[in-house]
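Here are some notes to read alongside the model. Please keep the sequence and the 3D view open as you go through the points.

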Amino acid sequence: MIIILNHKCHFNLEEFLDYQKRLESIVTPHQLVLCPSFLYLSVCSLPNFLLGAQNVSPYHCGAYTGEVSASQLKSMKVSYALVGHSERRNYFQEDEKQIKQKIVQCLENNITPVFCVGEANKEEARKKIGEQLEMIEDLEQKEKIVIAYEPVWAIGSGRVPTISEIEQIVLLIKKRFPNNPVIYGGSIHDENIYSLKSHLLDGYLLGGLSLNDQRLQRFLSQLS
Ligand code: PGA
């Protein structure tokens, strides 16, 4: 399974370095991916993790003040990048066009895009996710994309769908993209993972849980 840790905008440098030390001892058969703040990519040195980015520029290198391009990320040994996270869509007004450009930039630079999809209202899950998936349909290397199902209402809220609700959406995604790994994210914790396991899932995307190494260890031991 792929387990992605999204640190969001947490930790100052000292806190990050201290936390990183605590992650060193984690041993698991699963593929761990750490997405720290951009600032800490250069001080990340965990042999048990691959590196991920929380964001990527929709543009190639050039005159784009404040941006970080996929080729720059690649040169920092980044293997994965989150794209289309609901916090980027909502707080930074990222639209479909930008999200698609970001995915293309990742694919062209040999970075695996983790394309986040999810509904704001439970009732319109199938419709919304169907629409969001449309954008990757015509991409040549689309089978290299990891699709993350993240209901917007579940992120950071402590509310989670039932496993059968998750499985219904995963099946919908897999019917259209049978070769893509599909992971789930949104309020996953060490206490609820036992009821949120499914053979249909290829991994999890962790926000809050990624900030607590002891609970993370408990989560991982429940998975194996
Ligand atoms: P959460 O965040 O686990 O804190 O709900 C998940 C995410 O934002 O990807």
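1. Start with Asn109. Asn109 counts as buried because its relative accessible area is 15%; buried means under 20%, exposed over 50%, and partly exposed in between, with a 1.4 Å probe and protein chains only. Asn109 sits in the loop between α4 (96–108) and β5 (112–117). Helices (H or I, at least four residues) and strands (E, at least two) are DSSP runs, numbered from the N terminus. The side chain of Asn109 reaches the backbone oxygen of Gln105 at 2.8 Å.

2. A word on the source. This is a predicted model, in which local features need pLDDT of at least 70 and side-chain atom pairs count only at pLDDT 80 or more, while totals for chains, interfaces and linings use all residues. Residues are numbered from 1 along each chain as its sequence is written, and side-chain values use heavy atoms, with hydrogens and water left out.

3. Now the ligand. Which residues are around the ligand? They are Lys8, His85, Glu150, Ala154, Ile155, Gly156, Gly186, Ser187, Leu205, Gly207 and Gly208. A residue is near a molecule if one of its heavy atoms lies within 4 Å of it. The shell divides into 3 nonpolar, 6 polar and 2 charged residues. Here Ala, Val, Leu, Ile, Met, Phe, Trp, Tyr, Cys and Pro count as nonpolar, Asp, Glu, Lys and Arg as charged, and the others, Gly among them, as polar.

4. Look at the ligand's oxygen atoms. For Gly208, a polar backbone atom is 2.8 Å from a ligand oxygen atom. Taken alone, the ligand exposes 280 Å², and the protein buries 96% of that.

5. Next, Lys142. Lys142 lies in the loop between α5 (125–134) and β6 (146–149). Is Lys142 buried or partly exposed? Lys142 counts as partly exposed because its relative accessibility is 25%. Lys142 and Val104 are 38 residues apart in sequence, yet 9.4 Å apart in space, C-alpha to C-alpha.

6. Finish with Lys174. Helix α6 (residues 163–176) contains Lys174. Its relative accessibility is 21%, so Lys174 counts as partly exposed. Lys174 and Ile147 are 27 residues apart along the chain, and their C-alpha atoms are separated by 9.6 Å.

Definitions and conventions. A polar contact is a pair of N or O atoms within 3.5 Å; within protein, one must be able to donate a hydrogen and the other to accept it, and residues adjacent in sequence count only if both atoms are side-chain atoms. Accessible areas come from the Shrake-Rupley method with a 1.4 Å probe; for residues, only the protein chains shown count as cover.
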